[in-house]
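Here is a short report on a predicted model.

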Amino acid sequence: MQWLHSINKAIEYIEENLCENITVEDVAAHVYSSYSNFARIFYLVTGVTLSEYMRNRRLSMAGRELLTTDTKVIDVALKYQYDTPESFSKAFSRFHGIAPSEVKKGKSVLEFFHPFTISISVQGGYSMAKKLIDEFHWRGNVLRKDENMNDQERYDELISWARKARGKNPNVFDKLTEWLLDDMEWSEEQLAQNRQILMQGILARFKEQNAQLRMSLLELRSTGLVNEAVFKALDRFDEELSGVSIDPNLKDVVSLVFSDFSVMLDRKIREVIAGDKSGPAGVDTISFYGYINCLKDCDAQVQWSLFMPDTVKRQQNGFMVESFEYIKAPAMRFIGREGADLENIENRRKLFAVLDGMSGFASDIKTDILFLHHHGQCVDVAPWHMLWGRFMQPNTPVPEGFEYIDLVTENDGGTGVPYLSQYAYTSFTGDTEAMHREEGYDVHGMYDITRNIILGQGVMIPYPHKYWTAEVFLNGCEKPGSAYMFSVDLDVH
């Protein structure tokens with residue numbers, strides 16, 4: 001396996017020196033091998049020559065720089081070790097199929113040759129890692145600007161990509177967690193290729209994709225089609241991908257891994273990076289929230305901010321949003337009870353008659369409420385608890401046979417009650433049966449639309465620890481609800 005280690009060491013050396021004047025002989029010398037012997041082995045394993053690999057990587061990075069920056073062609077040529085603009089232009093055109101001068105004009109069709117993922121698929125020991133890289137729903141290895149597409153069609157293409165990525169990427173992140181926690185995959189001999197898999201094959205590729213997305217979105221920004229929340233989501237994702245984590249429980253370990261990847265040989269470090277699998281929707285119970293969980297959430301937020309506004313429009317079938325706002329309410333106490341007997345309207349009337357007699361403790365929210373929560377647990381382990389009742393003032397006495405749930409203004413960091421008294425409030429107008437229709441929704445129309453507006457705007461839903469929702473019965477519990485409350489944490493940015 002020594003020769004395999006040498007190949008990965010050579011690839012790492014090339015990546016670190018793409019802008020330096022190194023030759024294929026220098027690469028062979030770096031791994032203590034003769035050029036002829038190493039070049040032969042490199043070609044047998046990868047299917048491309050060493051010089052071709054170096055040329056493809058340099059031209060790929062040159063194309064990316066021309067596309068995403070204002071650097072002059074001559075400066076890019078010199079940076080990637082071409083002596084003259086003419087020699088660079090010839091090689092660039094042969095590789096990309098377009099002259100470097102055309103990239104600046106927005107007529108680009110650029111090929112991207114990523115850091116040696118081909119070698120991973122050739123070797124059986126790397127098949128899992130190669131599969132991980134390829135299973136993510138990337139925007140593709142080709143960047144195109146189709147001048148035949150109008151602005152709406154270009155934005156619709158981004159929305160379509162985001163939907164597909166949301167359906168596929170969560171499971172791949174879970175597989176990445178499995179790989180990080182597999183001790184058989186993490187030895188000193190495997191460290192170099194694992195570094196390339198994680199740092200170059202996945203993290204750097206996400207950064208490259210984000211740059212492509214940002215460029216496409218900036219071009220469409222003036223049209224009014226773009227949801228502005230996507231830029232905030234991309235900024236946050238790029239920070240995490242650069243090793244700057246805002247999570248206090250992760251930032252020190254993430255920073256250490258980015259500065260010295262050899263610490264990944266320590267399983268405890270890898271556990272912090274890996275976290276736990278959270279399922280295809282990202283809402284299953286996890287024992288520890290790790291760096292991969294954080295990346296999974298950042299990826300999802302980019303996708304949500306792209307397709308959720310469109311989803312919300314399509315979901316308003318037979319009814320529509322009348323108003324939407326975020327509210328920071330004062331501390332309050334919800335008083336009510338749950339039970340199958342409350343399906344009977346007469347029993348609900350009796351319940352609210354008791355609360356009517358407590359008008360001296362009423363809060364500013366005087367409507368009948370159906371409060372739903374999971375006691376701060378994930379939906380895969382805890383069922384919904386549904387309580388009919390009302391929001392009252394803090395410390396209101398609780399009548400016999402009733403339950404109470406306190407809501408406070410600041411997050412105490414714990415799980416379950418007290419919940420936060422911060423929420424999104426949506427009122428609806430139109431067909432009330434359509435508002436409560438479950439077909440085509442995760443829960444029903446009012447729940448899904450309120451949640452999706454929140455997700456599309458990048459506001460934090462405190463799931464699962466402080467998560468609650470409530471249906472609001474503006475005309476009393478005898479008639480269908482037509483408004484919805486959804487817990488948020490407006491203090492998290």
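Strand β4 (residues 332–337) and strand β7 (residues 403–408) run antiparallel and are joined by five bridges. Two strands count as paired if DSSP finds at least two bridges between them. Strands (E, at least two residues) and helices (H or I, at least four) are DSSP runs, numbered from the N terminus. M332 has L407 in β7 as its bridge partner. L407 also has a partner in β8, namely Y419. The pairing of β7 with β8 is parallel, over two bridges.

This is a predicted model, in which local features need pLDDT of at least 70 and side-chain atom pairs count only at pLDDT 80 or more, while totals for chains, interfaces and linings use all residues. Residues are numbered from 1 along each chain as its sequence is written, and side-chain values use heavy atoms, with hydrogens and water left out.

**The sheet**

Where do β4, β7 and β8 sit in the sheet order? The sheet is open, has nine strands with mixed pairing, and runs β3-β9-β11-β10-β5-β6-β4-β7-β8. β3 (319–328) and β8 (419–420) are the edge strands; each has a single partner strand, so one side of each lacks a neighbour in the sheet.

K328 faces Q422 in β9. S323 pairs with S427 in β9. β9 also pairs with β11, antiparallel, over five bridges. There, Y423 has S487 of β11 as its bridge partner. β9 is mostly covered, with seven of its nine residues buried. Buried means under 20% relative accessible area, exposed means over 50%, and partly exposed lies in between (1.4 Å probe, protein chains only).

| Strand pair | Sense | Bridges |
|---|---|---|
| β9 and β11 | antiparallel | five bridges |
| β4 and β7 | antiparallel | five bridges |
| β7 and β8 | parallel | two bridges |

**Helices on the sheet**

Which residues of α16 are buried? They are R348, L351, F352 and L355. Seen down the axis of α16, these buried residues fall within an arc of 90°, so they line one face of the helix. The arc is that of the directions from the helix axis to the C-beta atoms. The buried residues of α16 pack against β4, β5 (368–373) and β6 (385–392). Contact means heavy atoms within 4.5 Å. The twelve residues of α16 (residues 345–356) should span 16 Å at 1.5 Å a residue, and the end C-alpha atoms are 16 Å apart, which agrees. The expected span is 1.5 Å times one less than the number of residues.

E338 is in the loop between β4 and α16. E338 is partly exposed, at a relative accessible area of 30%. Leaving aside neighbours within four places in sequence, E338 touches H385, M386, L387 and E403.

Q315 lies in helix α15 (residues 291–315). Q315 is buried, with a relative accessible area of 12%. Beyond neighbours within four places in sequence, its contacts are Y441, D448, I449 and N452.

**Helix α6**

Helix α6 (residues 85–96) also has twelve residues; at 1.5 Å a residue they should span 16 Å, and its end C-alpha atoms are 16 Å apart, which agrees. Its buried residues are F88, A91, F92, F95 and H96. Down the axis of α6 they fall within an arc of 110°, so they line one face of the helix. On the other side of α6, E86, K90 and R94 are exposed. G97 follows α6, with a positive phi near 80°.

**The whole chain**

How many helices and strands does the protein chain have? It has 18 helices and eleven strands. Its C-alpha trace spans about 90 × 50 × 35 Å along the principal axes. Of the 493 residues, 50% are buried. Among contacts with a separation of 6 or more, 71% join residues 24 or more positions apart.
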